Amino acid sequence: MYKKSIIIIIAILLVDQLTKYFIVRNFYLGESLPVINNIFHITYITNTGTAFGLLQNYGNILLIFAIVAIIIITISIYKQKGIPKTGLMAFSVILGGAFGNLTDRLFRGSIVDFLDFRIWPVFNVADSSISIGIAILIIHSLFAKKSS
């Protein structure tokens, strides 16, 4: 069961880093390419903070926090007996995103964001994965409570 988790984590990390590599190599910082004008653009920005650009210039603290969070989640997964497949999948998706953004912090000094829907702050594949994983956990916990 953990092999699938590792595959999910690595797949998300690879897709995240490959898309960011493409953006960094093909766009100038600040450049925006309309895909659907005024609805969806590819916009290359960097972010030293957290989601929505909060906590800018706290890179070292956020780096330590990310490493600690990854370690805690990983240990929790492996120590917990009988974790539901849905929970394991959700945590794997979160970890894949966390590793993607951690890779940026370690090797670029900031996170590359590029998905720009114009009504939401610019984000990336890793951010999406973390959000999707959290949504899966919330939905699963709500569903599990209802069935008890």
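Q: What share of the 148 residues is buried?
A: Buried residues, those under 20% relative accessible area with a 1.4 Å probe and protein chains only, make up 34% of the 148 residues. This is a predicted model, in which local features need pLDDT of at least 70 and side-chain atom pairs count only at pLDDT 80 or more, while totals for chains, interfaces and linings use all residues. Residues are numbered from 1 along each chain as its sequence is written, and side-chain values use heavy atoms, with hydrogens and water left out.

Q: How many helices and strands are there?
A: The protein has four helices and three strands. These are DSSP runs numbered from the N terminus: helices are H or I with at least four residues, and strands are E with at least two. From the N terminus on, the order is α-β-β-α-α-β-α.

Q: And how are the strands arranged in the sheet?
A: The three strands form an open sheet in the order 1-2-3, with antiparallel pairing; two strands pair if DSSP finds at least two bridges between them.

Q: Why is one side of strand 1 and of strand 3 left without a neighbour in the sheet?
A: Strand 1 (32-36) and strand 3 (111-116) stand at the edges and each has a single partner strand, so one side of each lacks a neighbour in the sheet.

Q: How many bridges join strand 1 and strand 2?
A: Strand 1 pairs with strand 2 (residues 40-47) in the antiparallel sense over four bridges. The bridge partner of Pro-34 in strand 2 is His-41.

Q: What are the dimensions of the box?
A: The C-alpha atoms fill a box of roughly 50 × 30 × 30 Å, taken along the principal axes.

Notes
Buried < 20%, exposed > 50% of the residue type's maximum accessible area, 1.4 Å probe, protein only.
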